[in-house]
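This briefing covers selected features of one structure, grouped by topic. Please read it alongside the sequence and the coordinates.

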Amino acid sequence: MSTYFDALETRSRDARAAAHLEALNAQLAKYGIDRLEALDGLAALPVLRKSDLVAKQAAEPPFGGLPVSNIAHVFQSPGPIYEPGGISPDWWRMGRFLNAAGIGPGDIVQNCFGYHLTPAGMIFESGARAVGATVLPAGTGQTELQARAAHDIGVTAYAGTPDYLKLILEKADELGLSLGITRAAVGGGALFPSLRQYYSDRGIQCLQCYATADLGNVAYESPAMEGMILDEHVIVEIVTPGTGDPVAEGEVGEVVVTSLNPDYPLIRFATGDLSALMAGESPCGRTNARIKGWMGRADQTTKIKGMFVRPEQVAQLVAKHAEIARARVVATREGEMDMMTVRIETDSGDAAAFEGSVAEVLKLKGKVELVPPGALPRDGLVIEDQRTYD
């Protein structure tokens, strides 16, 4: 098996950008959107949020009138959101991750992602097929049977959530069964360092990917384990939560993804997850950009004094005043009362000038605190809830 899945992983950034622009314009044409001259023009297009997709699908089921084609399956995820699935080779692009994880011909992959309604099981099965591995379609549950099957069949690799492999290993130990699993490709949950070390101590290399039911694979780890490398067929932006405005490289923001899958063209789809772009390239030799991995949720909607305050409202407040560089809502408690402070980055020294807009846009009165430009943390938070209920 070659080190790289294909030549796309090591192409120059200029070659990648040119190919992405061509593919992006083909996607935009399906929506009747004019061609872009450069990739940075993407930032001017509207963001598609999951709530928008749910509303579109409710009005025009199952896919909200989006230009979907060549579909063999329909899946349902919580929301409900309906996702299409195709059967062309590696439709969700998971083979690239499994290859990076060292899985290929001769491997037997115990696929413990679910096969019912949601697409995760099919996503990883299509990836295993792409790298020439055999699949045990195990799904979830029945841990004793899973341990016995892994032993009897000679499973060499695991695909599933990070924690479920540990249950299988412990059950095998309890039953006195030896297992030959040496690689694990995980997703759908947090891979804590202690759990990764547990697997390493048992001779299992465990790598993770970042994928969604709507988009397929977005980013993945290589053995270098320095960030997550972006998939070759997506365009990833990191934006200020509640907006579509890209942040500077290294700053935390919401992950917005444009899929270059011609069968399901999602343009600027907001995942609701936080991450940050990393500088440089992976030591493994793959040249695409990297993100730091999952860093929390971008939907920071918080109820204060009985009213919901949303990231979109904070963005509206910033847009309302040219003097505001950034803003951050902080929720606290004094005694039994909710308190709201709006911290505003500005050169202005007149807090009263913003109080009316705060009440108008956020629908709540709160204290306005002015801070100099650059003073607010670049951690992706626009609403910070400091309240405790102990």
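In this predicted model, V239 has E254 of β11 as its bridge partner. The pairing to which β10 and strand β11 (residues 253–259) contribute is antiparallel and extends over six bridges.

- Three strands, in the order β10-β11-β12, make up an open sheet whose pairing is antiparallel.
- The edges are taken by β10 (234–239) and β12 (269–275), each of which has a single partner strand, so one side of each is left without a neighbour in the sheet.
- If direction is ignored, neighbouring strands of this sheet are turned against each other by 30° on average.

**The helix pair**

- Helix α5 (residues 143–153) and helix α6 (residues 164–175) have axes that come within 9 Å of each other and cross at roughly 75°.
- Because angles of 65 to 115 degrees count as roughly perpendicular, α5 and α6 are therefore described as roughly perpendicular to each other.
- On the α5 side the contact is made by T143, E144, Q146, A147 and R148, while α6 contributes Y164, L167, I168, K171, A172 and L175.
- Sorted by class, the residues of this contact of α5 with α6 comprise six nonpolar, two polar and three charged.

**The largest pocket**

- The largest pocket holds about 970 Å³ of space, and among the 34 residues that line it, G187, G188, G189, Y210 and A211 are the closest to its centre.
- At least two lining residues are supplied by each of β2 (81–85), α4 (120–130), β7 (205–212) and β12, and β7 gives the most, with five residues.
- The lining of the largest pocket consists of 16 nonpolar, ten polar and eight charged residues.

- About 570 Å³ of space lies in the second largest pocket, which has 22 lining residues, with L39, I235, V236, L277 and A289 nearest its centre.
- By class, the residues lining the second largest pocket are 15 nonpolar, two polar and five charged.

Technical notes. Residues numbered from 1 in each chain as written. Predicted model: local features only at pLDDT ≥ 70, side-chain atom pairs only at ≥ 80, totals over all residues. Heavy atoms only, no water. Axes fitted to C-alpha atoms, helices over the stretch in contact; angles between N-to-C directions. Helix = DSSP H or I, 4+ residues; strand = E, 2+ residues; numbered from the N terminus. Parallel < 35°, antiparallel > 145°, perpendicular 65-115°, else oblique. Contact = heavy atoms within 4.5 Å. Nonpolar A, V, L, I, M, F, W, Y, C, P; charged D, E, K, R; others polar. Pairing = 2+ DSSP bridges. 1 Å grid on protein atoms, 1.4 Å probe; cavity = no way out; pocket = protein on both sides within 12 Å on 5 of 7 lines; lining within 4 Å. Points joined across faces, edges and corners; volume = space filled by probe spheres on them.
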